[in-house]
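User: I would like to go through the terms used for this model and check each against its cut-off. Please start when the structure is up.

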Amino acid sequence: MAPLARLLAASFVGIDSSTLLSQKSVLAMSSPRTQEIGKNGNLSELCSLFGAEPINLLALKQDLNGIRGVYVQDALSEGDVILRMPLSSCLRDDKPPSWLRTVDEDDNEKNEYAVAVEGWVTRLTACLLEAQRQDKKSEGVQTWLDLLPTNLREILPIHWEADFSEGSGCSPLQVAVDSGYFARAGPIGDLLSCSKNSKLGLTRQNIEDALDLVQTRSCRAESSDGTPYMRVMVPIFDMINHKRNNNAEFSREGEDIVVRSTRDITADSEVFINYGQATSPAWKCLFSYGFVPLSKNIYEDDAAEIEVDGMGIEVGPTEIPFELVQHEAMKLGQYDPESEVEFSTEIGENILRQLDQAAKELETPLQFKEKDITIERSLAELRECNRRTILACAGGLREYIEGMSS
């Protein structure tokens, strides 16, 4: 959709973020080492077991909302190493288990679904399943596996009952859920079939749970020297939370995954990275990671869908899509296919009414036949994100119209 104009003043676009993860991580505290981390949060022993550095810097803590995250115990300067994890201690998609037949990168891309599941997902999921089902695990691997969340089925929309996704009022989320469900069939079938050659005794639920972990906790490891990228699951690193205004970033440096500070960080502060494009718009973040990135600010790449005469049209805080302008021009008899659409005050006021109405509708709580507090909270947060985006768009448009009249 081509934007008509940048309509918002700079004051409408935030420069900081305070992301509140909507879900608490539920852990399986089975091993003594995991229980010890659960009590004191110290990650030094786990770093040592994986050969990671620095050993005594990081701790696992919960904030006032009960959200688990990784914290630094000492002050850091910009560019300092927060975590250096050897690739040999990670799960890597380029080293799948022998029982998995070769899965080409395009194997699962040749479908008609809006959500494609690429070949690396199958390979990395196989690596995780192999690690989970091994009889003899190292103490480090066992502790890390115990620290992985066990509530992903509750928070990922792909597992919700249809009543919730269909009644979410967010058609892009509904399309992604429906498409993702069918797109997963290929990897699940491959893994079930190939695992028969192993002694893992995998079930469909084992595979789905592993797919959830790969979806929410893997990353793309890239380096600046042209080394081919890979997809990995990195112990400890995978517990770092998301924030738009992140204070750390990661990359591949030689045979390590390295997390560095992007600015000075005070002692006892939480480490944040930006999870990237999968977190915006808000429905993508909910679909991909199971939480809504609530923020005090509005960003230019935020988006929300409004319904206009039966059509779903996506608006942003700083843009009015051309198709919406054109639609309103046609309704007002101001459209000439032979000439460029001229944005008039009448068109702007019509769109403004649509935006105000859409924002008002999002204030009404959703009603479902079945009650689920976790899902209802996530959808309420998603609606609030969308409402804020629409209000920002309306505020900018209102200023623009006033400027036309002055």
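**Terms and cut-offs**

Analyst: Just after helix 10, Gly290 takes a positive phi of about 90°. The model is predicted, so local features need pLDDT of at least 70 and side-chain atom pairs count only at pLDDT 80 or more, while totals for chains, interfaces and linings use all residues. Residues are numbered from 1 along each chain as its sequence is written, and side-chain values use heavy atoms, with hydrogens and water left out.

User: What makes helix 10 a helix, and why is it called largely enclosed?

Analyst: Helices are DSSP runs of H or I with at least four residues, numbered from the N terminus, and strands are runs of E with at least two. Buried means under 20% relative accessible area, exposed over 50%, and partly exposed in between (1.4 Å probe, protein chains only). Ala282, Trp283, Cys285, Leu286, Phe287, Ser288 and Tyr289 are the buried residues of helix 10.

User: Which helices do the buried residues of helix 10 pack against?

Analyst: They pack against helix 5 (152-155), helix 7 (171-183), helix 9 (204-217) and helix 13 (373-405). Contact here means heavy atoms within 4.5 Å.

User: What makes a set of residues a nonpolar core, and how many residues has the largest?

Analyst: The members must be buried Ala, Val, Leu, Ile, Met, Phe, Trp, Tyr or Cys, joined through side-chain atoms within 4.5 Å. The largest such core has 62 residues, and Leu58, Ile82, Val232 and Ile236 have the most contacts inside it. Helix 3 (residues 119-133) gives the largest share of this core, 8 residues. A second, separate core has 23 residues, including Ile320, Ala329, Leu352 and Ala394.

User: What does Ile82 touch?

Analyst: Leaving out residues up to four places away in sequence, Ile82 touches residues including Leu57, Leu58, Val72, Leu76, Ala248, Val259 and Ile265. Among the others are Glu53, Arg260 and Ser261.

User: Why are strand 5 and strand 7 called paired?

Analyst: Two strands pair if DSSP finds at least two bridges between them. Strand 5 and strand 7 (residues 230-233) have 2 bridges, in the antiparallel sense, so they meet that cut-off. Leu91 has Met233 in strand 7 as its bridge partner.

User: What makes strand 5 (91-92) and strand 6 (219-221) edge strands?

Analyst: The open sheet has 3 strands in the order 5-7-6, with antiparallel pairing. Strand 5 and strand 6 each pair on one side only.
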